[in-house]
Amino acid sequence: MKGPAAWLARAAITAIALQSAPAFAAATSAAGSTEAVRIAVILTLLAIVPAILIGTTSFVRIVVVLAMIRHAFGMPQTPPNAVLTSLALFMTAFVMGPTLATLNEQALQPFLGGQADMAQAMEAGGAPLRDFMLAQTRESDLEMVYRISGSPLPATPDRVELLKLTPAFMLNELRVAFTIGFVVLLPFLLIDLVVASILLALGMMMVPPSTISLPVKVLMFVLIDGWSLVMEGLLGSFA
């Protein structure tokens, strides 16, 4: 009797397993598909991170000013591009720290934890960036972008579209960067003019002025602690 009873029990277990297999496979497939979609979305976001970094943060203003300082010295390769880019990235992280913390708390962590879908995460993450960019964008630039696009200007700031706000923000960043760069370039231009006038008065017309002015520029910049002044001015321009 034990043999047939055991055979019946095994047959019943096998039948139950076969009946539940499709439901288990469907649940596993759905979970795997959701995870695959989440990974694909994260990889896509990582691919466009450079464009987002350049277009929606303080990186543009900082890196343009640093590049203009390098050209003011007359040394196109010193400091190297890697040094200026790294410095600009760290300064951008410092300026954007509160905004990025809010974005991580409201959008990224809920999305990674499965508490929000892609649309909800993008909507929640766009709000901190919008607030930062609106604080740094002139109304005239924003009105120009909306006028060119043929769209009416929104009544409230939270209705401003990021695709229209980003070019207005970048225009303002370039304007401010060139303004700061102009102020920085003036002392270096004065040094070039003085050195060129002295060489001309001494009859040393064959001596390139940059040969004499470069050490003077570097000495002056070091004596006044120029890098600290530039950093302080750049960070203060976002206050």
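Which helices each supply at least two residues of the lining of the largest pocket? They are H1 (2-47), H2 (49-56), H4 (81-95), H5 (97-112), H6 (118-135) and H8; helices are DSSP runs (H or I, at least four residues) numbered from the N terminus.

This is a predicted model, in which local features need pLDDT of at least 70 and side-chain atom pairs count only at pLDDT 80 or more, while totals for chains, interfaces and linings use all residues. Residues are numbered from 1 along each chain as its sequence is written, and side-chain values use heavy atoms, with hydrogens and water left out.

**Stop one: the pocket**

Select Leu 45, Ile 52, Leu 103, Gly 125 and Leu 129, which lie nearest the centre of the largest pocket among its 34 lining residues. A pocket is an open set of points on a 1 Å grid over the protein atoms alone, with protein on both sides within 12 Å along at least five of seven lines, and lining residues have an atom within 4 Å of a point. The volume of the largest pocket is about 1,100 Å³. Next select H6, which gives the most to this lining, with 9 residues. The lining comprises 24 nonpolar, 8 polar and 2 charged residues.

**Stop two: H4 and H10**

Select H4 with H10 (residues 226-236): their axes are 11 Å apart and the packing angle is about 40°. Leu 87, Met 91, Phe 94 and Val 95 of H4 meet Met 231, Leu 234 and Leu 235 of H10, where contact means heavy atoms within 4.5 Å. This contact has 7 nonpolar residues, no polar and no charged.

**Stop three: H7 and H8**

Select H7 (residues 139-149) and H8 (residues 162-201), whose axes come within 8 Å and cross at roughly 135°. H7 and H8 are therefore also oblique to each other. Residues making the contact include Asp 141 and Tyr 146 of H7, and Lys 164 and Arg 175 of H8. The contact of H7 with H8 divides into 8 nonpolar, 2 polar and 3 charged residues.

Note on methods
Axes are lines fitted to C-alpha atoms, for helices over the stretch in contact, and angles run from 0 to 180 degrees between N-to-C directions. Angles under 35 degrees count as roughly parallel, over 145 as roughly antiparallel, 65 to 115 as roughly perpendicular and the rest as oblique. Ala, Val, Leu, Ile, Met, Phe, Trp, Tyr, Cys and Pro count as nonpolar, Asp, Glu, Lys and Arg as charged, and the others, Gly among them, as polar. On a 1 Å grid over the protein atoms alone, a cavity is a set of points where a 1.4 Å probe fits but cannot get out, and a pocket is an open set with protein on both sides within 12 Å along at least five of seven lines; lining residues have an atom within 4 Å of a point. Grid points are joined across faces, edges and corners, and a volume is the space filled by probe spheres set on the points.
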